[in-house]
Amino acid sequence: MGSMSEIPDRDRREADRERIRVLLRAVEAPAPAALHERIARLATPRGERARARRIPGFALAGACAAALAVVLVLTLSGSSAPTALGASKLALSHAQGPAPATLTAAGTTIVFPNWSSLGWPSSGVRRDRLDGRAVTTEFYGNYPGMIGYSIVSGSALSWGTIESRISRSSTSFVVLRGGHAQVVAWVEDGHTCVLASRTASVATLVRLAVAQDATATAAPSRPWSGGVASPV
Amino acid sequence: MSPHLDPDSLPAHVDRLYRAAWALSGSPYDAEDLVQETFARVLARPRLLRGGDELAYLMRVLRNTFLDSLRTASRRPQATAQLDDLEIADPRSSERPEQALEARELYGAIADLPEDFRLALVAVDIMGLSYGEAGRALRAREATITSRLHRARRRVGAAVDGERAKESGGEREGSAPPRSLD
């Protein structure tokens with residue numbers, strides 16, 4: 001008889017189905033506008049990339065143009081005042097080489113965190129100069145889910161266009177309007193830190209930034225900070 | 001119908017996919033990441049649709065992305081749970097607090113289902129796939145989907161009833177502990 005109770009009649013099944021549908025309709029909400037914007041941005045350049053693949057010469061020219069654009073933007077911004085938003089372009093670019101086990105940002109004593117245990121293993125590093133300042137960038141994760149973390153030496157930069165502010169663990173984070181990406185920035189030890197990603201959400205970036213902070217708090221002596229500062 | 005996935009049509013599915021991701025993960029924040037990762041995968045290269053529509057295809061990629069995220073999460077230490085507890089400002093809850101609460105309850109109840117049941121309910125009741133489409137997307141027989149779906153609906157209904165009974169009991173007696181939203 002027990003098995004009979006496992007097989008509901010059609011009316012009961014219909015009632016269950018209708019009930020779930022009513023419940024789901026009652027809470028039906030659109031996705032956040034920010035997510036819509038991010039997906040739209042992901043979808044838009046897709047066609048451009050496809051066209052570029054069909055004409056390899058154009059692809060090469062496009063890559064060169066993109067690289068030149070980064071250089072120009074950084075140079076131009078360097079001629080006035082560099083911003084954290086400008087530095088985010090480096091965090092959104094690509095690695096130049098593998099990341100060492102521990103990496104200290106050039107010109108600072110800040111050591112990049114190890115987020116492997118949080119699902120974001122280190123995947124590479126690059127070193128640049130922005131208006132004479134050393135910028136060290138470590139990349140986490142792999143395409144398409146990648147995050148870039150740039151630390152700019154020298155005094156704190158101005159932010160750029162601020163979208164919102166978030167305070168967590170006594171640190172004030174700013175969310176910057178990054179065009180095709182999410183950009184979160186803050187100041188640590190007087191230096192500008194920038195986390196940027198085309199796929200990870202602002203919430204994820206803030207969680208990681210706070211996780212780094214929590215690690216630093218848990219180990220105030222920073223035993224890993226004895227690493228050699230990376231030359232630029 | 002074009003055999004290729006049209007990138008321009010994908011944004012129209014964001015809302016539905018977001019709700020599906022929320023129900024799968026149980027968290028609106030993880031849902032955002034899940035949806036974005038799903039679209040990033042889909043858009044990474046041209047896709048050819050073989051006899052299925054876009055929604056069924058997106059459901060399949062969402063499922064794979066979700067299962068990958070579970071595998072990644074299983075390698076994370078317990079500290080991750082503490083990260084998830086961080087309170088990030090959620091504009092949705094300030095707009096319609098009652099609906100946000102009910103959504104958390106309902107999607108949370110779905111997220112508590114066993115994985116197979118959860119995927120069946122999400123595919124059919126949230127994504128709107130037919131039983132056959134859901135079976136293809138989830139690589140299961142249609143009869144299996146039917147069975148899982150029924151059990152999933154019953155469990156979710158019972159879970160919501162249980163929550164509401166606890167709430168009303170707590171209100172009457174005034175002794176129930178405050179209920180956590182997460």
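What share of the contacts in chain B with a separation of 6 or more comes from residues 24 or more positions apart? The views below start there. This is a predicted model, in which local features need pLDDT of at least 70, side-chain atom pairs count only at pLDDT 80 or more, and totals for chains, interfaces and linings use all residues. Residues are numbered from 1 along each chain as its sequence is written, while chains are lettered from A and ligands numbered from 1 in the order in which they are written.

**View 1. Chain B is built from 9 helices and 0 strands.** Helices (H or I, at least four residues) and strands (E, at least two) are DSSP runs, numbered from the N terminus. The answer to the opening question is 68%; two residues are in contact if their C-beta atoms, placed from the backbone, lie within 7 Å. Of the 182 residues in chain B, 35% are buried. Buried here means that 20 or more other C-beta atoms lie within 10 Å of the residue's own (exposed: 12 or fewer; partly exposed: in between), with C-beta atoms placed from the backbone.

**View 2. Helix α8 of chain B (residues 131–138) is mostly covered.** Here 6 of its 8 residues are buried, among them B:Glu133, B:Arg136 and B:Leu138.

**View 3. Chains A and B meet through 42 residues from chain A and 43 residues from chain B.** On the chain B side, α2(B) gives the most, with 10 residues. That side divides into 24 nonpolar, 6 polar and 13 charged residues. Ala, Val, Leu, Ile, Met, Phe, Trp, Tyr, Cys and Pro count as nonpolar, Asp, Glu, Lys and Arg as charged, and the others, Gly among them, as polar.

**View 4. The largest nonpolar core holds 49 residues.** Such a core is a set of buried Ala, Val, Leu, Ile, Met, Phe, Trp, Tyr and Cys residues joined through C-beta atoms within 7 Å. Among those with the most contacts inside it are B:Ala21 and B:Val35. Look around B:Val35 and you will find A:Ala31 and A:Leu35, as well as B:Val14, B:Leu17, B:Tyr18 and B:Ala21, not counting residues up to four places away in sequence. A second, separate core of 45 residues includes A:Phe112 and A:Leu208.

**View 5. Confidence in chain A is lowest in helix α4 (residues 56–79), at a mean of 45, and highest in strand β7 (residues 191–197), at 93.** These values are pLDDT, the predictor's confidence in each residue, from 0 to 100. Over residues 49–79 of chain A the pLDDT is below 50, and this stretch has 17 contacts in the model beyond near neighbours in sequence.
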